[in-house]
Amino acid sequence: MSTFMKNKAVAALLLSACVPASLVQASELSVSGTIQPESCTLSLPDGGALDFGELAPQPTTEGKWAFVEHRNAQLSIDCTARTHVGLKFRDLLLIDNPIPKDGFILATENDDHLAMVELRIPHGVADGKQVDFAMLHSSGSGSHVVRVDDPGTYMRIGDPRDPGFAKVSANMRVTMLGVDLEGDELENAKGLRSMIGIDLHYL
């Protein structure tokens with residue numbers, strides 16, 4: 001008999017020994033309840049759309065082409081009470097075949113993978129004070145560059161010893177990065193798109 005079962009038997013025996021047989025009555029009490037976690041919402045600007053407009057690739061010394069374009073976007077988290085949350089990131093263009101990486105696929109209209117999109121979140125403001133944003137497990141790109149489709153990590157907000165936050169905002173640096181591109185790749189690339197998934201990760 002396990003220690004757990006022994007303890008249960010002893011407790012039952014002690015209880016039955018304390019109650020005279022003439023007073024024992026059968027009764028039932030149904031106990032139920034729900035655990036309601038603190039509710040948080042994540043907001044992005046302009047309905048989550050960020051238009052880079054027309055890109056201007058530049059020739060490289062190796063006879064190829066490259067482009068780098070930056071935009072900023074505001075991220076906001078609002079919770080009903082102080083809550084410990086982090087952020088996880090998904091590449092929605094690869095939702096059926098996720099691959100851990102340091103960015104998001106930038107695809108053409110024909111779904112050809114042309115380049116990458118890097119997302120960087122260094123700092124933010126939580127309940128009126130500045131906090132750091134950092135991946136729990138980062139790669140060579142640094143802790144402020146988000147790790148995508150990696151189930152083993154998430155982006156922390158502030159010090160884990162903090163009692164959680166109710167309002168968080170941060171400026172995200174979004175970079176379209178194309179390197180070593182052939183001329184025909186650019187000729188065939190008309191519209192470009194990337195789909196960034198950001199999820200709240202309750203701790």
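User: Let's start with the link of C40 and C79. What is the handedness, and what is the angle about the S-S bond?
Analyst: That link is right-handed, with 110° about the S-S bond. Bear in mind that this is a predicted model.

User: Which parts of the chain does the pair tie together?
Analyst: C40 belongs to strand β1 (residues 40-43) and C79 to strand β3 (residues 65-83), so the pair joins parts that lie 39 residues apart in sequence.

User: And how far apart are the sulfur atoms?
Analyst: The sulfur atoms of C40 and C79 are 2.0 Å apart. With a cut-off of 2.5 Å between cysteine sulfur atoms, the count comes to one disulfide.

User: Are those two cysteines buried or exposed?
Analyst: C40 and C79 are both buried.

User: Nice. Zooming out, how many helices and strands are there?
Analyst: The protein chain has two helices and 12 strands.

User: How much of the chain is buried?
Analyst: Of the 203 residues in the protein chain, 29% are buried. The accessible surface comes to about 13000 Å², and carbon and sulfur atoms account for 53% of that.

User: Switching to confidence, what does pLDDT look like overall?
Analyst: The mean for the protein chain is 83, and 82% of the residues reach 70 or more.

User: Which elements have the lowest and highest mean values?
Analyst: Helix α1 (residues 3-18) has the lowest mean pLDDT among the elements, at 38, while strand β7 (residues 123-126) has the highest, at 97.

User: Where does pLDDT stay under 50, and how many contacts does the model have there?
Analyst: It stays under 50 over residues 1-23, and for this stretch the model has two contacts beyond four places in sequence.

User: Why does D162 count as buried?
Analyst: Its relative accessibility is 15%, and buried means under 20%.

User: Which residues does D162 touch?
Analyst: Leaving aside residues up to four places away in sequence, D162 touches H84 and K129.

Terms used
Residues are numbered from 1 along each chain as its sequence is written. This is a predicted model: local features need pLDDT of at least 70, side-chain atom pairs count only at pLDDT 80 or more; totals for chains, interfaces and linings use all residues. Side-chain values use heavy atoms; hydrogens and water are left out. Helices (H or I, at least four residues) and strands (E, at least two) are DSSP runs, numbered from the N terminus. Buried means under 20% relative accessible area, exposed over 50%, partly exposed in between (1.4 Å probe, protein chains only). Accessible areas come from the Shrake-Rupley method with a 1.4 Å probe; for residues, only the protein chains shown count as cover. pLDDT is the predictor's confidence in each residue, from 0 to 100. Contact means heavy atoms within 4.5 Å.
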